[in-house]
Amino acid sequence: MRPTVHDIAAAAGVSLATVDRVLNQRPGVRLVTREKVEEAIRQIGYIRDVAAANLAKGRVYPLVFIVPTGDNSFMHGLRSEVHHATLRASIERTDIRIVEVPAFDVPALVAALDALQGQDIAGVALVATDAPEVRAAVDRLVSERIPVVTLVSDLTDSTRHHYAGIDNIAAGRTAARLLGRFLGGREGDLTVLAGSMLVRDHRERLQGFSAVMAAEFPKLRLLPVLEGRDDPERTKSLVSKALSENKDIIGIYSLGAGNRGLIAALKAVRPERELTVVVHELTQHTRVALVDGTIDAVLNQDAGHEVRSAVRVMKATADGQAVIADQERIRLDIFLKDNLP
């Protein structure tokens, strides 16, 4: 049976109030008494519940979320979920600060991370751009014993503590199977649209997508990736140009979340052009496009779950507590127009 504070009090011959003062490093205990309590703790093998102790002391956890700016509806939703987390601060004992950096801007992200060194913070969560400079900046924070969680896109070669996001290779494989089955054995070209191949989530989705297409749908040919940089006008121009120059394109996989420009390009060629389209992230724009038939399926991750998971993990890591893996697993949802929430 696990030793309790009552066992410490009995072994040391002191009151529970004295044990509490020693455990929480409060004044009012003589040195000889403090040493008796500490010796009792060692002898009976008492393991302190740090989280409970912090609750008793009313500890507040200063947390920082670094999120990208830009015209990406999913990232807007992610920032909104972080804002909602700030509204729960008094209940969750957090003090959350949001730092915004331009999307895919490695120097800006590194500067934001380095600016946190030496600050009194209990954790940092960031949407990572996969670059050696970013990994090094994350490692510098971890070396200062600051918990770091990656959101949506991971940094697997860094020393970050946890990743809050979906399995992106599995997401890409799922997209390939949906698109391949929707196309029903037809032969033709597929366009793949990304925000930027600098982010690991996009590269991993492409990896999974390409593997399934090559193995199971050999009649479907993958064209070079178009990088829209989450810019609606750039994305619309790239997709419109690809469609006008290649009449063999029969399907599109948008593996990022910057879909406004894609939807605009698709509407410009419908109904003359029959295209099957699978995209990521359920936003107000993709919801409308799904309902009106502009796109066929949406793969979605719950930004709110990711933010809540990041908060739990940062607090637990700051307290030296284990993370409950099943609780923090982020689910991949598949939406058609028939099962929209």
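Helices (H or I, at least four residues) and strands (E, at least two) are DSSP runs, numbered from the N terminus. This tour uses those labels. The structure is a predicted model, in which local features need pLDDT of at least 70 and side-chain atom pairs count only at pLDDT 80 or more, while totals for chains, interfaces and linings use all residues. Residues are numbered from 1 along each chain as its sequence is written, and side-chain values use heavy atoms, with hydrogens and water left out.

**Stop 1: Gln 301**

Select Gln 301, which lies in strand S11. Is Gln 301 buried or exposed? Gln 301 counts as buried because its relative accessibility is 2%; buried means under 20% relative accessible area, exposed over 50%, and partly exposed in between (1.4 Å probe, protein chains only). Next, display the side chain of Glu 281, with which the side chain of Gln 301 makes a polar contact of 2.7 Å. A polar contact is a pair of N or O atoms within 3.5 Å; within protein, one must be able to donate a hydrogen and the other to accept it, and residues adjacent in sequence count only if both atoms are side-chain atoms. Leaving aside neighbours within four places in sequence, the residues in contact (heavy atoms within 4.5 Å) with Gln 301 include Phe 74, Val 152, Arg 205 and Arg 331.

**Stop 2: Thr 294**

Move to Thr 294, in the loop between helix H13 (284-291) and strand S11 (297-301). Thr 294 counts as buried, at 6% relative accessibility. Which side chains make polar contacts with that of Thr 294? One is the side chain of Lys 267, at 3.2 Å, and another is that of Asp 292, at 2.6 Å. Among the residues that Thr 294 touches, not counting those up to four places away in sequence, are Ile 263, Leu 266, Arg 270 and Ala 289.

**Stop 3: Arg 270 and Pro 271**

The peptide bond from Arg 270 to Pro 271 is cis, with omega near 0°. Most peptide bonds are trans, and most residues other than glycine have a negative phi.

**Stop 4: Asp 230 and Phe 104**

Select Asp 230, in the loop between strand S8 (226-227) and helix H11 (232-245). Asp 230 has a positive phi of about 60°, although it is not a glycine. Then select Phe 104, in the loop between strand S2 (94-102) and helix H7 (106-114). Phe 104, also not a glycine, has a positive phi of about 65°. Phe 104 is buried, with a relative accessible area of 13%.

**Stop 5: domain 2 and domain 3**

Colour the chain by domain: domain 1 (5-48), domain 2 (58-164 + 303-330) and domain 3 (168-300), with bounds from an automatic or database domain assignment. The contact between domain 2 and domain 3 takes 15 residues from domain 2 and 17 residues from domain 3. Domain 2 and domain 3 bury about 1500 Å² between them, 50% of it on carbon and sulfur atoms; buried area is the accessible area (1.4 Å probe) that two parts lose on being put together, summed over both. In domain 2, Asp 71, Phe 104 and Asp 130 lose the most area to domain 3, together 44% of what that side buries.

How many salt bridges are counted between domain 2 and domain 3? The count is four, a salt bridge being a side-chain nitrogen of Lys or Arg within 4 Å of a carboxyl oxygen of Asp or Glu. Finally, display Asp 71 and Arg 260, whose side chains meet in a salt bridge (2.5 Å, N to O).
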